[in-house]
Amino acid sequence: MKVITVKNQLEGAKIAFDLLKEAMEGGSKTLGLATGSTPVEFYNQVVQSDLDFSEMISINLDEYVGLDGSDDQSYRYFMEQHLFNEKPFKENFLPDGKATDLLAEVKHYDSIIDSHPIDFQILGIGANGHIGFNEPGTSFEVTTHVVDLAESTIQANARFFEDESQVPRQAISMGIASIMKSKEIVLMAYGEAKAEAVKGMIEGEITESLPASVLQKHDNVIVIADEAAAKLLK
Ligand SMILES: O=P(O)(O)OC[C@H]1O[C@](O)(CO)[C@@H](O)[C@@H]1O
């Protein structure tokens, strides 16, 4: 893993943007995308750029179960607001949180990922070490699946909702095995709340108790962390 320490989210976002640009110049066609607060400034950089996404495909990591794409708390809505409305892609894929048959949706999402191998994957990291919504204890072998969100994740994400009771308890998430198939992974981590998870991911043992630690087994991962998130690193 290559680690780049930056002063703040803006500096990190600019580096992530340069990596994306380079990947697209090198022929990358399919992007794996993340939501949450971490990639917001990165998407701002993309929107302000002259990069053209009209031939690009995006596949998002996850979506809350029970939320329609038009719901302003859904990840589809987030992506439209932060990126897709400004930068139209050839196709954007996110799991359907309103699918009546979740098992069928999970299979469908796997088939989408299989037919569009991810060239460049953007990741954030949860304070508990999750990537996507793959919570601690998730098998490294799993592909797309329905997740019961960890209590700590529900609490962490409550800041985006009116109150904690509004946070969906389940999500559909791309699995760790699928994330690991991405050719290049850029993970961003900002803020002190991520410091323990960042240390475990980079210097700890590879364990399903800290899902992001699996990235030590991938040969093309760049971690961009601000000083607060990197402060426990040796
Ligand atoms: O970026 P945040 O809001 O700290 O969340 C951490 C991670 O958890 C998720 O929200 C779960 O998918 C990711 O999208 C995000 O990168």
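Helices and strands are DSSP runs, numbered from the N terminus, and these element names are used in the legends below. The structure shown is a predicted model.

**Figure 1. The loop that holds His130 in the predicted model.** His130 is placed in the loop between β6 and β7, the latter being residues 145–148. Is His130 buried or exposed? A residue is buried if 20 or more other C-beta atoms lie within 10 Å of its own. His130 has 26 such atoms within 10 Å and is therefore buried. Leaving out residues up to four places away in sequence, His130 touches Glu135, Pro136, Thr153 and Pro211. In the UniProt record, an unreviewed entry, the feature "active site" is placed at Asp62, Asn128, His130 and Glu135.

**Figure 2. Asp62 in strand β4.** Strand β4 spans residues 62–64 and includes Asp62. Asp62 counts as buried because 24 C-beta neighbours lie inside 10 Å. Which residues does Asp62 contact, leaving aside its neighbours within four places in sequence? They are Tyr75, Pro95, Gly132, Phe133, Ala171, Ile172, Ser173 and Met174. Asp62 is also one of the positions that the unreviewed UniProt entry lists under "active site".

**Figure 3. Helix α2 and what covers it.** Helix α2 consists of residues 40–48, and within it Glu41, Phe42, Tyr43, Gln45 and Val46 are buried. The cover over these buried residues includes the helices α1 (9–25) and α3 (75–84). Strands β6 (120–123) and β9 (184–189) also belong to this cover.

**Figure 4. The largest nonpolar core.** In soluble globular proteins, nonpolar side chains tend to be buried together. In this protein, the largest nonpolar core has 58 residues. Those with the most contacts inside the core are Ala16, Ile125, Leu187, Ala189 and Val198. Ala189 is in contact with Ile125, Lys194, Val198, Val223, Ala225 and Ala229, when its neighbours within four places in sequence are left aside.

**Figure 5. Val3 in strand β1.** Strand β1 covers residues 2–6 and contains Val3. Val3 has 16 other C-beta atoms within 10 Å and is therefore partly exposed. Not counting residues up to four places away in sequence, Val3 touches Ile202, Val223 and Ala225. Along the chain, Val3 and Lys181 are 178 residues apart, and their C-alpha atoms are separated by 20 Å.

**Figure 6. The setting of the close-up views.** The protein has seven helices and 10 strands. Its C-alpha atoms fill a box of roughly 50 × 40 × 35 Å, taken along the principal axes. A compact globule of 234 residues would have a radius of gyration near 17 Å, and the protein, with 16 Å, agrees with this. Of the 234 residues, 43% count as buried. Among contacts between residues at least 6 apart in sequence, 79% join residues at least 24 apart. The unreviewed UniProt entry gives residues 20–221 the annotation "domain: Glucosamine/galactosamine-6-phosphate isomerase". The end C-alpha atoms of residues 20–221 lie 13 Å apart, and this span is 30% helix and 16% strand.

Key: Residues are numbered from 1 along each chain as its sequence is written. This is a predicted model: local features need pLDDT of at least 70, side-chain atom pairs count only at pLDDT 80 or more; totals for chains, interfaces and linings use all residues. A residue is buried if 20 or more other C-beta atoms lie within 10 Å of its own, exposed if 12 or fewer, and partly exposed in between; C-beta atoms are placed from the backbone. Helices (H or I, at least four residues) and strands (E, at least two) are DSSP runs, numbered from the N terminus. Two residues are in contact if their C-beta atoms, placed from the backbone, lie within 7 Å. A nonpolar core is a set of buried Ala, Val, Leu, Ile, Met, Phe, Trp, Tyr and Cys residues joined through C-beta atoms within 7 Å. UniProt positions are given in the numbering used here, feature names are shortened, and annotations may be inferred rather than shown by experiment. The radius of gyration is taken over C-alpha atoms; the globule rule is 2.2 Å times the number of residues to the power 0.38.
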